[in-house]
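I opened this one up with a notebook beside me. Here is what I looked up, in the order I went.

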Amino acid sequence: MQTVAKLSEVPNFGKKVVSIGGRDILLVNIKGVIHAVENECPHQGSPMNAAIIKDGFISCPRHGYCFSLADGHCANHPDLILATFPVQVNGDEIQLDLG
Ligand code: FES
């Protein structure tokens, strides 16, 4: 697990992009639960940080495809997967398992 941000930097219903080892990862806080996904849509590469989030899905701002925050599956195109990362919160530290 690698510390990537402070919990206080990602307010409830807020987002933050962190750059780790050359990849941009989007942190999302949904009612105190932190999710981490690749900040690049697997469809045509749009950044996901301007996405709308609803009912556990993040909707790409370019064409609107919806991806599960839990496992990255796409509700519109099952062949597309948004990379997700295991998250652990330790005090004020957000830690990710980047594999
Ligand atoms: S680039 Fe994200 S849905 Fe097309």
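**Entry 1: confidence**

I checked the confidence before anything else, since this is a predicted model. The mean pLDDT of the chain comes out at 96, and 100% of the residues get to 70 or more. I then went element by element: strand 5 has the lowest confidence, with a mean of 94, and strand 7 has the highest, at 98.

**Entry 2: the parts list**

Next I counted elements. I found nine strands and zero helices in the chain. Reading from the N terminus, I wrote down β-β-β-β-β-β-β-β-β.

**Entry 3: overall size**

The C-alpha trace spans about 35 × 25 × 20 Å along its principal axes. What radius of gyration would a compact globule of 99 residues have? The rule gives a value near 13 Å, and the chain has 13 Å, so the two agree.

I also noted that 23% of the 99 residues count as buried. For contacts with a separation of 6 or more, 33% are between residues 24 or more positions apart.

A reminder to myself before the sheets: strands in a sheet pair through backbone hydrogen bonds, in either a parallel or an antiparallel way.

Here I found an open sheet of three strands in the order 2-3-4, with antiparallel pairing. Which strands sit at the edges? They are strand 2 (15-20) and strand 4, each pairing on one side only. From one strand to the next, the twist averages 25°.

I zoomed in on strand 3 and strand 4, which are antiparallel and share six bridges. One pair I wrote down is valine 28 with its bridge partner in strand 4, histidine 35.

Strand 5 and strand 6 (residues 57-59) are joined antiparallel by three bridges. Lysine 54 has phenylalanine 57 of strand 6 as its bridge partner.

**Entry 4: strand 9 and its two partners**

Strand 9 took me a while. Strand 1 pairs with strand 9 in the antiparallel sense, over four bridges. Strand 8 (residues 87-90) is also antiparallel to strand 9, with four bridges joining them.

I picked glutamine 95 to see both pairings at one residue. It is the bridge partner of threonine 3, and also of glutamine 88.

Then I looked at the hairpin of strand 8 and strand 9. There are two residues between the strands, and glycine 91 takes a positive phi near 65° in this hairpin.

Which residues of strand 9 are on the covered face, and which on the uncovered one? Ile94 and Leu96 are on the covered face, while Glu93 and Gln95 are on the uncovered one.

**Entry 5: the core**

Now the inside. The largest nonpolar core has 21 residues, and those with the most contacts inside it are Ile25, Leu26, Leu27, Ala36, Val37 and Met48. Strand 1 (2-6), strand 3 (23-30), strand 4 (33-38), strand 7 (66-68) and strand 9 (93-96) each give two or more residues to this core. Which strand gives the largest share? Strand 3 does, with four residues.

I followed Ile25 a bit further. Leaving out residues up to four places away in sequence, it touches Val4, Val18, Ile20, Ala36, Glu38, Asn39, Phe85 and Leu96.

I finished with isoleucine 53, which is in strand 5 (residues 52-54). Why does isoleucine 53 count as partly exposed? It has 17 other C-beta atoms within 10 Å, and being buried takes 20 or more, while being exposed takes 12 or fewer.

Not counting residues up to four places away in sequence, isoleucine 53 touches Val28, Ile30 and Ile58. I also looked up a distance: its C-alpha atom is separated by 9.5 Å from the one of phenylalanine 67, which is 14 residues away along the chain.

Conventions. Residues numbered from 1 in each chain as written. Predicted model: local features only at pLDDT ≥ 70, side-chain atom pairs only at ≥ 80, totals over all residues. Core = buried A, V, L, I, M, F, W, Y, C linked by C-beta atoms within 7 Å. Contact = placed C-beta atoms within 7 Å. Pairing = 2+ DSSP bridges. Axes fitted to C-alpha atoms, helices over the stretch in contact; angles between N-to-C directions. Rg over C-alpha atoms; globule rule 2.2 N^0.38 Å. pLDDT = per-residue confidence, 0-100.
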